[in-house]
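Me: I've got a model open and I'd like to learn how to read its packing. Could you walk me through it?

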Amino acid sequence: MEVDQTLDILALHYAKFREKLQPNMKQLKEKLEQQAGRPSARDKLGRLSKQQFTELSTDVFDELSRRETEREPYLGVNPAYHPKRNQARQKLSTLPPSRFNELVSDVFFETDRRFPEIDKKIQQSMASKNLLPAEPRTNPTLDELPVNFASLDNLMADLGSMLSSPTKDPQVQLESKLSVRSVTQQAQPTATFAQPNGSEQTLVNDLRNKIQEMERELRTAREQAKASSQVNAQLERFKQRIQELETENKGLKDALQSQEADFKNLQEDFNEQQQIATDIRTEASNLLEEIRILSKKNETLRAEQEANLQKIKQLEKQDQSQEWQSKEKEYLRRIADLERSGKPPVPNGKLKWTPFERTLTMDNGPVEKENLDMYAQATKELVESARQFKAANVLMAMKSVVISCKHIVENIERGEDRMPDDDLFLEKLDAAKSDLSVKLTELMAVSKDHATQGKTSSVGQQLEDTVTLLNQAVTLLVTHAATAPSPVQMRSTSSPEPARSVMEVRDLKQFLEGQTDLIVQAIQSLLFAMRQTTPFGPEFKDIVNDIIRIVDLVIDTSSDTFDLPSAARLKKQGNDILDQLAGANTRLDELGEAMIQSPANKSTKQKLASSSYEIAKYVKELISLV
C-alpha cells in the first residue's frame with residue numbers, strides 16, 4: 001500500500017513536471033541524448049534513496065506551484081518537516097528560472113528512469129477518472145455511437161438490455177445487475193442507445209470492468225476514510241495526552257524551581273554554618289595555644305617556687321630566721337584567735353574572715369579590693385566544685401585562684417616603693433610571698449589529683465585543708481604588708497577613698513592579660529558544657545555569668561584608664577572596642593538565657609559560640625591596643 005501511495009505521489013509530480021516542460025520536451029530529450037549535461041547532478045539524484053528522492057520531488061513540486069501562483073515569496077514552514085528540510089525548501093525560491101527549470105527537468109527524467117511504469121500509471125488514473133480505457137482502442141467510443149442523449153432512465157434501460165445477454169449463468173446475470181446499479185450511481189450524461197452490436201457489446205464490457213474497478217476503489221477509499229477517522233481519533237487522544245503531559249510538566253518545573261530555591265537557601269545556610277565552625281575551630285586552636293603557653297608559664301613558676309624554697313632554707317639557717325619564725329608563730333596564733341572569735345582587729349585595714357567558707361576580703365589596705373574579692377570568690381568556687389566532684393569546674397576555679405594570687409602579689413610589689421626601707425621588713429615580706437607560692441603549688445597539685453582521681457573523700461578533705469593553709473598564707477602576707485605605712489594611711493580620715501583604683505596604661509595591660517586568662521578558661525568551660533548531652537541548668541548559667549562579670553570588670557577598668565590624660569591617644573579607638581565588647585557581652589547574656597530555655601536549638605548553640613568568639617577577639621584587640 002505504501003509503494004502505491006508513493007507511486008501515486010510521484011505520478012502527480014511527473015504529470016505536473018511534464019506539463020511544465022512540454023513546450024521544450026523535444027529539445028530536452030535531444031540534449032539529454034547528445035550531451036552529458038551536468039553529469040554530477042544526475043549522479044547525485046541517482047544515489048538518493050527512494051524516500052529522499054520522493055521528498056526532493058515533493059519540494060520541487062511545491063516550489064513550482066508557488067511560482068505559478070506567486071502568492072508567497074517562498075515556501076512556508078511545515079511543522080511536520082525537519083528544520084533543515086524547511087530551510088532547503090525556502091532556498092529553492094532563490095534559484096533563477098533557468099536553473100530551476102534544469103532542476104525540474106533533472107527530477108522529471110530521474111523519475112522516468114526510476115519508474116518506467118509511471119506513464120502507464122498516469123494514463124490508467126486519467127482513464128479511471130474519465131471512465132475511458134487506459135490505452136487507445138480501435139473500438140468506437142460512446143461519442144462515435146449513434147446515440148441520442150435523452151434521459152437517465154433511457155440510459156438505464158438500454159444498459160439493462162445490453163447486459164441481458166443470452167447466457168443463462170445466474171452469476172453473470174447478478175454481476176450485470178450490480179454493474180447497472182453502479183452505472184446508475186455514477187453516470188452523469190443521459191443517452192438513448194440502440195440495440196448493441198458486437199462492438200457495442202465490447203464497449204459495454206469495458207464499461208462494466210471500469211465500474212467494477214471503481215467499486216473496488218470506492219470500497220478501498222471508504223476503508224481508508226474509516227482508517228483515517230480512527231487515526232484522527234487517535235491523534236486527538238494523543239493531543240489531549242500531550243496537553244495533560246505539558247500541564248504535568250509545567251507543575252514539575254514549578255516544583256523543581258521551588259526545590260532549587262530551597263536548595264539554594266540550604267546551601268547558603270550550610271556555607272554560613274561552615275564558616276562559623278571554621279572560626280570556632282580557629283579560635284579553639286588559639287585557645288589551646290594560649291593554654292600551652294600558660295602551662296609553660298606554670299612550669300616557670302614552679303621553678304621559681306623551687307628557687308624560693310631554696311632561699312627560704314638558706315634564710316632559716318641564718319640567725320634572723322629564728323626571729324622570723326617566732327613572729328610567724330605569733331601571726332599564726334593571731335589567725336587562730338581570729339578563727340575562734342570571728343573578730344579580726346587589723347589596724348591598717350578592715351579584714352574579714354569567714355572560717356567556714358575559708359575566704360578573705362579586705363575593704364581597705366595595700367591590696368585592691370577587686371583582687372581580694374576575686375580570690376575569695378575563686379576559693380569558694382574551688383571548695384564547692386570539689387564537694388560536688390566536678391572536675392572541669394575544679395580546674396577552672398583553681399585557675400582563678402592562681403590568677404587572683406598573682407594579682408595580690410603584684411599589688412603588694414607595686415606598693416613596695418612606698419614601704420619603709422627596712423631590710424628585716426622586706427625579708428619577712430619576701431618570706432611571706434614565698435610561703436604563699438609554696439601553699440599555692442601544693443593546692444595546684446591537690447586540685448589536679450582531685451580532678452583525675454574522681455570521687456575520693458580523702459582527696460576532697462585534703463583539698464579543703466590545703467585551701468585553709470593557702471588562706472593563712474594570704475592573710476599573713478596581706479597583714480604583714482598592711483603593717484607598713486602607706487599613702488592611704490596618711491590621708492585624712494575625712495578624705496573619701498575611690499570605689500575603684502584607676503590604672504595606668506602599663507598596669508592596665510597586665511590586668512587585661514590576667515583577665516584574658518580567666519575569660520579563656522571560662523569560654524573553654526562553656527564550650528565543654530555545650531557539648532554535653534545533659535540539660536543546661538544553674539551550672540551552665542553560672543559559667544555564662546562568670547564570663548559576663550569578668551567582661552564587665554574589663555570594660556569598667558579599661559574605660560577609667562582611657563579617661564586619663566596619659567591615655568588620650570588610645571581613648572577613641574579603645575572606646576570603640578569597648579562598645580563592641582559590651583555588645584557581644586549583652587548578646588552572650590541573652591543567648592545564655594535562650595540556651596537554657598531551648599537546649600536542643602543548634603542555631604542558638606552556634607550563635608552562643610560565635611558571641612564567645614567575639615568576646616575573646618575584642619579582648620585580644622584591647623590588649624594589642626594598650
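Me: What share of the residues in the protein chain is buried?
Reply: Buried means under 20% relative accessible area, with exposed over 50% and partly exposed in between (1.4 Å probe, protein chains only). Here, buried residues make up 35% of the 626 in the protein chain. Mind that this is a predicted model, where local features need pLDDT of at least 70 and side-chain atom pairs count only at pLDDT 80 or more, while totals for chains, interfaces and linings use all residues. Residues are numbered from 1 along each chain as its sequence is written, and side-chain values use heavy atoms, leaving out hydrogens and water.

Me: How many helices and strands does the chain have?
Reply: Helices (H or I, at least four residues) and strands (E, at least two) are DSSP runs, numbered from the N terminus. This chain has 20 helices and two strands.

Me: Which residues have the most contacts inside the largest nonpolar core?
Reply: In soluble globular proteins, nonpolar side chains tend to be buried together. A nonpolar core is a set of buried Ala, Val, Leu, Ile, Met, Phe, Trp, Tyr and Cys residues joined through side-chain atoms within 4.5 Å. The largest one here has 48 residues, and Leu526, Phe540, Phe562 and Ile615 have the most contacts inside it. Helix 17 (505-531), helix 18 (538-562), helix 19 (568-597) and helix 20 (602-625) each give two or more residues to this core, and helix 17 gives the most, with 13. Apart from it lies another core of 31 residues, including Leu372 and Val401.

Me: What does Phe540 touch?
Reply: Contact means heavy atoms within 4.5 Å. Leaving aside neighbours within four places in sequence, Phe540 is in contact with Leu526, Ala529, Met530, Gly592, Met595, Ile596 and Leu608.

Me: Why do helix 18 and helix 20 count as roughly parallel?
Reply: Axes are lines fitted to C-alpha atoms, for helices over the stretch in contact, and angles run from 0 to 180 degrees between N-to-C directions. Under 35 degrees counts as roughly parallel, over 145 as roughly antiparallel, 65 to 115 as roughly perpendicular and the rest as oblique. The axes of helix 18 and helix 20 come within 12 Å and cross at roughly 25°, so the two are roughly parallel. Phe540 and Phe562 of helix 18 are among the residues making this contact, as are Leu608 and Ile615 of helix 20.

Me: And at what angle do helix 13 and helix 17 pack?
Reply: Helix 13 (residues 391-414) packs against helix 17 at about 175°, with axes 10 Å apart. That pair is therefore roughly antiparallel.
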